[in-house]
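My notes are below the display.

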Amino acid sequence: MLDLYIWFYTGVALVILGSLATAIGPGVKDPIVRTLNTEIAAVGVSLIFLTYNHTIALVTYIAATTIITMILLRAIVRLEEVGAEL
Amino acid sequence: MSASVLVPNVVSPIVVSLYIPAIFTGLIVGLIGLLGISYQKNDLNALILTDIVGLGMLILVAAVGTDLAEALILPGLVVELAEILAISEILMSREIRKKGKNVDLIPLPVSLDMEVLTTAPTFMAVILIAYGAFLSGFTGGAIAGAGILFYVLSKSARGVPSDIWEGIAGASGIAWCLWLVGFLVFFVFPQFWLLALFLAAFGVFIKVAYKAGLIGVIGREEFKKE
């Protein structure tokens, strides 16, 4: 049986690394890279919810984070098509 | 931890032992996000970083570790979603106005001119809304809202009548009142708890389902009007 703390601290490490990667990671001048880096932090938050048994919150969070990624990618693509400097 | 903090007995010891690390993780993540925003000159990159600040907020709420946390995470998610949607719409419309160029509402690399999108939307939307009404509450509202959104987006090529959205916004407000009345009945007339439960469940169902109306109101200027 794996220790419960493993999941929690893996989640903590993923959240902090993911948010650092989003803020100052390599290649974040490109907004698409930045958006994809937020997914690492999102997986970490999912693991933390899993440790706390927040089932409904976890399911809703997975759906919401997918929709947020879609909204951000749509904004990036539309702004690029308009020709705004990103 | 000092003894001055009152922890109820129902909270499991493992949640109590994880409380301090979780709070600090949330604070660190929020701080990283805010520092990133403060060094950012580009609006779009700042918008992506607000997502990270939202994650910090979610961890702070989750650290409570009881049903209360679960009940607080759901509205937090909806608020974060609405906020990112609204700000991205503002950014896009500002740039479009500045450049004076028009682009598709949803730019896609492939053409979505599929048979399914012209024949199936009504059927799919009816099934999703009926299943959402059966579930009721927050989850049902989300499913029914997905049905409404799917219907609207697949019809958007043909044009959505603009005054429907005012009606949807009004119905959403009435549903919100139903939800509040349900809560009031819980406290004032506890013997009618079943009525109160159903008022609250279906009020929040209609309210969440018509969150799609938010997207509709934003897109009203961009959809072709009939």
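These entries start with the model itself and go on to cores and then residues.

I noted that this is a predicted model, where local features need pLDDT of at least 70, side-chain atom pairs count only at pLDDT 80 or more, and totals for chains, interfaces and linings use all residues. Residues are numbered from 1 along each chain as its sequence is written, while chains are lettered from A and ligands numbered from 1 in the order in which they are written.

**Core.** I looked up the largest nonpolar core, which has 41 residues. Such a core is a set of buried Ala, Val, Leu, Ile, Met, Phe, Trp, Tyr and Cys residues joined through C-beta atoms within 7 Å. Among the members that touch the most others are V45(A) and L55(B). Helix α2(B) gives the largest share, 11 residues. Helices here are DSSP runs (H or I, at least four residues), numbered from the N terminus. I found another core of 17 residues apart from this one, including I143(B) and A200(B).

**V29(B).** I found V29(B) in helix α1 of chain B. Why is V29(B) buried? It has 29 other C-beta atoms within 10 Å; buried means 20 or more, exposed 12 or fewer, and partly exposed in between, with C-beta atoms placed from the backbone. Beyond four places in sequence, V29(B) touches residues including V15(A), S19(A) and I59(B). Contact means C-beta atoms, placed from the backbone, within 7 Å.

**N53(A).** I placed N53(A) in the loop between α2 and α3 of chain A. N53(A) counts as exposed because it has 12 C-beta neighbours inside 10 Å. Its phi is positive, about 60°, although N53(A) is not a glycine.

Notes
Helix = DSSP H or I, 4+ residues; strand = E, 2+ residues; numbered from the N terminus. Contact = placed C-beta atoms within 7 Å.
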